[in-house]
Amino acid sequence: ATINNNGIIRIGNIGNIYRFGVFLASAAIFNNNNNASLTIDNIISTTINEGIALRIQNNNSTVNNSGNITIGNIGPVSRFGIVMSSISQLNNSSTGLININRITINSGISVQVTAKITNAGIVNVGNTQSVNEVGILLVGGEFVNNMGGNVSVNRTLVLDGISVNGTGAKFTNNATVNIGNTDPIQRLGISIFSNGEFLNNV
């Protein structure tokens, strides 16, 4: 299944959504194309593995973003902005912009085992409103910030800006990463646990 967005999609802009904003599984693809906009707000479930704005689950499910993805702009998301697992992918191109704010319980982005984010655009977590725990959490997953990419994490209330945790977890930076550049990080800027790896090439 494939979704091609060339316009504006608003989820939760006038009322609450209970479990997920967008849920992709079984090799589903979401193409948020150049100049397109996806906004997700008011995701309210506090049940484990729910309350997630954008869930990219497994088997090569993929989000390709060349437009704007905005999470938690006007209303809160209870648990996570983005959660990825099991060979899922998120590709943010040079024109892509991802903003994640107002995460009330958990973290902005969670990249789990064998999932991968590749960024050549802009990713902001906590740029206008707070994220409760971690800005970007890698639990066996990978984040590659390529040339031209810009990653900024601010306003974590409890834990770290970026946490790289577990075997296979790896953050590779080939461009710009800002942590706490506009507003405080509560605990650590970058934390690395249990064979996690942070590779800075700049």
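What percentage of the 202 residues of the protein chain count as buried? And which salt bridges does the structure hold, and where do their partners lie?

Reply: The model is a predicted one. In it, 50% of the 202 residues of the protein chain count as buried. The chain has 22 strands and zero helices. Its radius of gyration is 15 Å, close to the 17 Å that the globule rule gives for 202 residues, so the chain is as compact as a globular protein of that length. Along the principal axes, the C-alpha trace spans about 40 × 30 × 30 Å. The accessible surface comes to about 8400 Å², and carbon and sulfur atoms hold 49% of that surface. Among contacts between residues at least 6 apart in sequence, 87% join residues at least 24 apart.

Now the charged pairs. The structure holds three salt bridges.

One of them joins Arg155 to Asp183, with the closest N and O atoms 2.8 Å apart. Arg155 sits in the loop between β17 (150-153) and β18, and Asp183 sits in the loop between β20 (176-179) and β21, so this pair ties together parts of the chain that are 28 residues apart in sequence.

Another salt bridge is formed by Arg187 and Asp160, where the closest N and O atoms are 2.9 Å apart. This pair also links distant parts of the chain: Arg187 is in the loop between β20 and β21, Asp160 is in the loop between β17 and β18, and the two are 27 residues apart. The two partners differ in cover. Asp160 is buried, at 1% relative accessible area, whereas Arg187 is partly exposed, at 44%.

Strand β18 (residues 162-165) and strand β21 (residues 190-193) run parallel and are joined by four bridges. Within this pairing, Val164 has Ile192 as its bridge partner in β21. Strand β18 also pairs in the parallel sense with strand β15 (residues 136-139), again over four bridges. There, Val139 has Asn165 of β18 as its bridge partner.

The remaining salt bridge to describe is the one between Glu50 and Arg19, whose closest N and O atoms are 2.9 Å apart. Glu50 lies in the loop between β5 (37-40) and β6 (52-56), Arg19 lies in the loop between β2 (8-11) and β3 (20-24), and the pair links parts of the chain 31 residues apart. Glu50 counts as buried, at 13% relative accessibility. Arg19 is partly exposed, with a relative accessible area of 44%.

The loop that holds Glu50 also holds Asn42, which is found between β5 and β6. Asn42 counts as buried at 15% relative accessibility, because the limit for that class is 20%. A polar atom of the Asn42 side chain lies 2.8 Å from the backbone oxygen of Gly12. Leaving out residues up to four places away in sequence, Asn42 touches Gly12, Gly15, Asn16, Ile17, Gly75 and Pro76.

Two strand residues complete the picture. Asn31 is found in strand β4 (residues 29-32) and is buried, with a relative accessible area of 15%. The side chains of Asn31 and Asn64 are joined by a polar contact of 2.9 Å. Beyond its neighbours within four places in sequence, Asn31 is in contact with Thr2, Ile3, Asn4, Asn5 and Asn64.

Ile98 lies in strand β11 (residues 97-100) and is buried, at a relative accessible area of 2%. Neighbours within four places in sequence aside, the contacts of Ile98 include Asn65, Ile69, Ile82, Leu90, Asn92, Ile122, Val123 and Asn124. The C-alpha atoms of Ile98 and Ile71 are 8.0 Å apart, although 27 residues separate the two along the chain.

How values were computed. Residues numbered from 1 in each chain as written. Predicted model: local features only at pLDDT ≥ 70, side-chain atom pairs only at ≥ 80, totals over all residues. Heavy atoms only, no water. Pairing = 2+ DSSP bridges. Buried < 20%, exposed > 50% of the residue type's maximum accessible area, 1.4 Å probe, protein only. Contact = heavy atoms within 4.5 Å. Salt bridge = Lys/Arg side-chain N within 4 Å of Asp/Glu carboxyl O. Polar contact = N/O pair within 3.5 Å; in protein donor to acceptor, adjacent residues only side chain to side chain. Rg over C-alpha atoms; globule rule 2.2 N^0.38 Å. Areas by Shrake-Rupley, 256 points an atom, 1.4 Å probe, with all protein chains shown as cover.
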